[in-house]
Amino acid sequence: FDDLGTESMRKNFGNEANIMEEIILSRYSRRNALINKTHITTNLTGNDIEERYGARVRSRMREMFNVIEFVDAKDMRK
């Protein structure tokens with residue numbers, strides 16, 4: 001998933017739904033059965049992720065992912 005945190009909230013039968021939160025939690029619960037790996041890019045910090053998706057998602061992401069942080073990396077698109 002490219003650029004986690006840029007997606008918008010969606011309505012599901014009138015209720016707000018955070019689709020990425022649901023996808024991450026679903027993939028976490030099925031992680032041993034999944035053939036494909038989950039890769040995510042984001043500019044969010046750990047605290048930003050927790051604020052947007054909750055402590056539960058942040059905790060699951062710690063187990064699911066290896067974090068590669070680019071500190072002070074030059075934006076290669078420029």
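1. Residues are numbered from 1 along each chain as its sequence is written, and side-chain values use heavy atoms, with hydrogens and water left out.

2. Confidence is lowest in strand 1 (residues 10-12), with a mean of 71, and highest in helix 2 (residues 46-53), at 94. Where pLDDT is low, the predicted coordinates should not be read in detail.

3. The secondary structure consists of three helices and two strands, which follow the pattern β-β-α-α-α along the sequence; helices (H or I, at least four residues) and strands (E, at least two) are DSSP runs, numbered from the N terminus. The C-alpha atoms fill a box of roughly 40 × 30 × 20 Å along the principal axes.

4. Of the 78 residues, 21% count as buried, where buried means under 20% relative accessible area, exposed over 50%, and partly exposed in between (1.4 Å probe, protein chains only). The protein exposes about 6700 Å², of which carbon and sulfur atoms supply 48%; the areas come from the Shrake-Rupley method with a 1.4 Å probe, and for residues only the protein chains shown count as cover.

5. Among contacts (heavy atoms within 4.5 Å) between residues at least 6 apart in sequence, 62% join residues at least 24 apart.

6. Tyr28 has its place in helix 1 (residues 19-29) and is counted as buried because its relative accessible area is 14%. Leaving aside neighbours within four places in sequence, Tyr28 is in contact with Arg60, Glu63 and Met64. The C-alpha atoms of Tyr28 and Glu51, 23 residues apart along the chain, are separated by 19 Å.

7. Arg58, in helix 3 (residues 55-64), counts as buried because its relative accessibility is 19%. Not counting residues up to four places away in sequence, Arg58 touches Gly46, Asn47, Ile49 and Glu50. A polar atom of the Arg58 side chain lies 3.3 Å from the backbone oxygen of Gly46.

8. On charge, the mean positions of the 14 positive and 13 negative charges are 5 Å apart; Lys and Arg count as positive and Asp and Glu as negative, whereas His and the chain ends are not counted.

Terms used
This is a predicted model: local features need pLDDT of at least 70, side-chain atom pairs count only at pLDDT 80 or more; totals for chains, interfaces and linings use all residues. The place of a charge is taken as NZ of Lys, CZ of Arg, CG of Asp or CD of Glu. pLDDT is the predictor's confidence in each residue, from 0 to 100. A polar contact is a pair of N or O atoms within 3.5 Å; within protein, one must be able to donate a hydrogen and the other to accept it, and residues adjacent in sequence count only if both atoms are side-chain atoms.
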